[in-house]
Amino acid sequence: MASPSLTSLSSVLNQQHCINLPRRCSILTLRFFSSNPCHFSPAISAARIVCSRRSFGRSSASAFSHRFSRSFSQSQCQPPVSIGGKLSEIPALHHFMPKASAAVSDAAVSDPHIDSTTLSDVLPSGRIYHETYGCQMNVNDMEIVLSIMKKAGYSEIVEAPESAEIIFINTCAIRDNAEQKVWQRLNYFWFLKRQWKKNVAIGRSQSVHPPKVVVLGCMAERLKDKILDADKMVDVVCGPDAYRDLPRLLEEVDSGQKGINTLLSLEETYADINPVRIAKNSISAFVSIMRGCNNMCSFCIVPFTRGRERSRPVESVVREVGELWKEGVKEVTLLGQNVNSYNDTSGVEEVESGTNWKYSDGFNSIAKVKNVGLRFADLLDRLAVEYPEMRFRYTSPHPKDFPDDLLYVMRNRNNICKSIHLPAQSGSSSVLERMRRGYTGEAYLELVKKIRDIIPEIGISSDFICGFCGETEEDHQDTLNLVKTVGYDMAYMFAYSMREKTHAHRNYADDVPENVKQRRLTELIETFRDSTGQCYDSKIGSVQLVLVEGPNRRAPETELIGKSDRGHRVSFTNTPIPDRDNNDVRRSPKVGDFVEVNVLKSTRASLHGEAVAITKLSSFYADIREESLACVNTA
């Protein structure tokens with residue numbers, strides 16, 4: 001007579017049963033049905049597990065199936081026994097059920113959005129190769145991605161795509177040229193995947209399996225359908241607000257599906273994630289303080305690929321900068337699509353009405369602010385005070401968000417670089433109106449005058465678009481005149497490239513011929529070069545405080561190079577000089593030192609001089625104040 005346990009197991013295995021899971025895991029059922037992989041006896045069959053997916057919510061059914069399978073496999077099948085043997089040695093259903101229950105409970109609390117470490121023992125480790133196109137914001141985003149992947153068990157980064165199991169390409173959708181470069185790279189990555197066996201055989205590839213290709217960033221959101229339809233070229237498409245979901249999306253690929261999440265968020269800032277710095281041992285770093293853009297300029301795709309503005313809490317930014325200071329970073333660039341519209345309402349008990357939001361004089365915006373919290377000037381002042389030996393820059397601002405208090409903070413804090421990026425886009429008021437920029441050419445020039453009145457030593461850079469919809473020769477001449485009048489230190493200049501989904505794409509005709517765009521761009525570049533040379537020439541004979549970044553590529557054995565407060569590249573001969581904070585002991589400058597450099601000559605893009613002394617940032621400006629007071633007293 002069979003034992004009760006054998007009778008129970010036999011009855012279970014000869015009919016289908018379901019175990020209902022808790023509500024969060026009700027997407028799964030465990031079905032036991034008859035099969036023959038193990039040989040307990042002719043009358044007994046082992047159980048197999050089938051996980052059926054319906055809708056995932058925020059739990060990962062696939063993660064559960066892997067974990068349950070591993071738990072189940074640990075219950076080893078017993079060797080064959082005879083009917084007359086000790087049937088009590090045969091495992092009954094209750095031997096399996098505790099492990100199944102444990103797996104179910106574990107799956108019920110697993111959430112890849114908030115605890116990626118639960119996936120680290122599920123996902124196979126793989127080497128990562130990454131490429132980034134576009135702005136500094138994309139560079140910072142890639143550092144966030146690498147942090148998320150490291151927490152999920154992917155910690156090894158390789159220098160060549162041929163050695164990677166996962167290839168990340170972080171994309172830019174601002175201009176067509178950037179997108180074309182991405183498509184070219186995707187074609188090559190597709191070749192590595194499609195011809196993987198052949199590539200391994202001839203030594204071209206060293207990956208252990210065909211690489212998974214992941215498209216990130218703005219292009220992922222804008223062209224997600226086209227990318228996924230591109231003949232199995234891409235495995236995962238992930239937008240800028242969905243990077244926490246990457247481990248789960250890669251897991252979907254393991255189960256034969258394509259992973260996609262391009263949902264935009266009103267809240268995601270990745271404030272709790274400590275980025276993995278791509279540039280190791282660097283003395284400069286980027287820190288993202290806000291995401292998204294509300295400006296809705298008619299030529300710009302950013303609001304549609306990055307979403308609405310949201311700001312990180314001040315405390316999280318201060319904390320990240322503090323960690324960078326401990327790591328030896330001497331210069332931080334604060335990042336945001338519209339960085340000076342920063343507005344942290346999270347820690348303010350009584351927020352002001354948005355009607356009190358102050359714009360630059362003569363500027364306006366179609367986007368209205370609901371509540372006013374801690375603004376960009378508050379954050380910048382806090383950082384400057386807490387880290388007096390660290391330099392701070394920021395990009396990219398909008399001209400509308402330069403109220404007077406921000407300008408005075410920049411003037412009064414020596415460690416806030418005297419450099420402002422002030423994107424004009426055009427010098428023509430009619431073109432600016434079609435661009436929906438919220439100002440006229442005259443208002444822009446008034447702002448430049450105010451900035452220079454408050455901060456006389458300021459350096460100004462800009463962005464310009466040539467050949468925007470409806471631009472005439474007169475409009476183009478207005479832009480050339482603006483460049484001559486302002487005298488920029490640096491500028492980014494491009495021919496207009498219409499982007500789908502933008503206001504211009506829906507309402508205007510791209511009616512300036514390409515050859516005219518290119519001719520106007522050439523004229524603009526020539527005008528800029530003529531005026532920028534005067535900015536650099538004016539520095540001859542001055543002493544600049546230079547943060548040393550490394551050897552000068554043109555003379556790596558004998559010269560060092562770095563940036564001045566205004567962002568100018570300054571090179572100098574590498575010789576021992578006095579260290580003013582070490583009793584004037586002479587030594588050669590090294591990366592991360594602040595060096596006083598007497599400028600002797602200039603080009604249109606750089607300065608060259610003689611190193612005078614190694615100093616500290618605060619000491620340099622204290623000496624300048626003493627000299628100024630001495631001059632006043634003498635007079």
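Helix H16 (residues 473-486) meets helix H18 (residues 514-537) through Glu473, His476, Thr479, Leu480, Val483 and Lys484 on the H16 side. From H18, the contact (heavy atoms within 4.5 Å) takes in Val516, Arg519, Arg520, Glu523, Leu524, Thr527, Phe528 and Ser531. The model is predicted, with local features requiring pLDDT of at least 70 and side-chain atom pairs pLDDT 80 or more, while totals for chains, interfaces and linings use all residues. Residues are numbered from 1 along each chain as its sequence is written, and side-chain values use heavy atoms, without hydrogens and water.

**Helix packing**
- The residues of the contact of H16 with H18 divide into 5 nonpolar, 4 polar and 5 charged.
- The axes (lines fitted to C-alpha atoms over the stretch in contact) come within 9 Å and cross at roughly 20°.
- H16 and H18 are therefore roughly parallel (angles under 35 degrees).

**Cavities**
- The whole structure holds 2 cavities of 30 Å³ or more (sets of points on a 1 Å grid where a 1.4 Å probe fits but cannot get out, with lining residues having an atom within 4 Å of a point).
- The largest cavity has a volume of about 50 Å³, and its lining includes Asn140, Tyr270, Arg291 and Glu320.
- That lining of the largest cavity comprises 4 nonpolar, 3 polar and 3 charged residues.
- The second largest cavity, with a volume of about 50 Å³, is lined by Asn340, Arg375, Phe376, Ala377, Asp401, Pro403, Asp405 and Leu406.
- Helix H12 (376-386) and helix H13 (404-412) each supply at least two residues of the lining of the second largest cavity.

Terms used:
Axes are lines fitted to C-alpha atoms, for helices over the stretch in contact, and angles run from 0 to 180 degrees between N-to-C directions. Helices (H or I, at least four residues) and strands (E, at least two) are DSSP runs, numbered from the N terminus. Angles under 35 degrees count as roughly parallel, over 145 as roughly antiparallel, 65 to 115 as roughly perpendicular and the rest as oblique. Ala, Val, Leu, Ile, Met, Phe, Trp, Tyr, Cys and Pro count as nonpolar, Asp, Glu, Lys and Arg as charged, and the others, Gly among them, as polar. On a 1 Å grid over the protein atoms alone, a cavity is a set of points where a 1.4 Å probe fits but cannot get out, and a pocket is an open set with protein on both sides within 12 Å along at least five of seven lines; lining residues have an atom within 4 Å of a point. Grid points are joined across faces, edges and corners, and a volume is the space filled by probe spheres set on the points.
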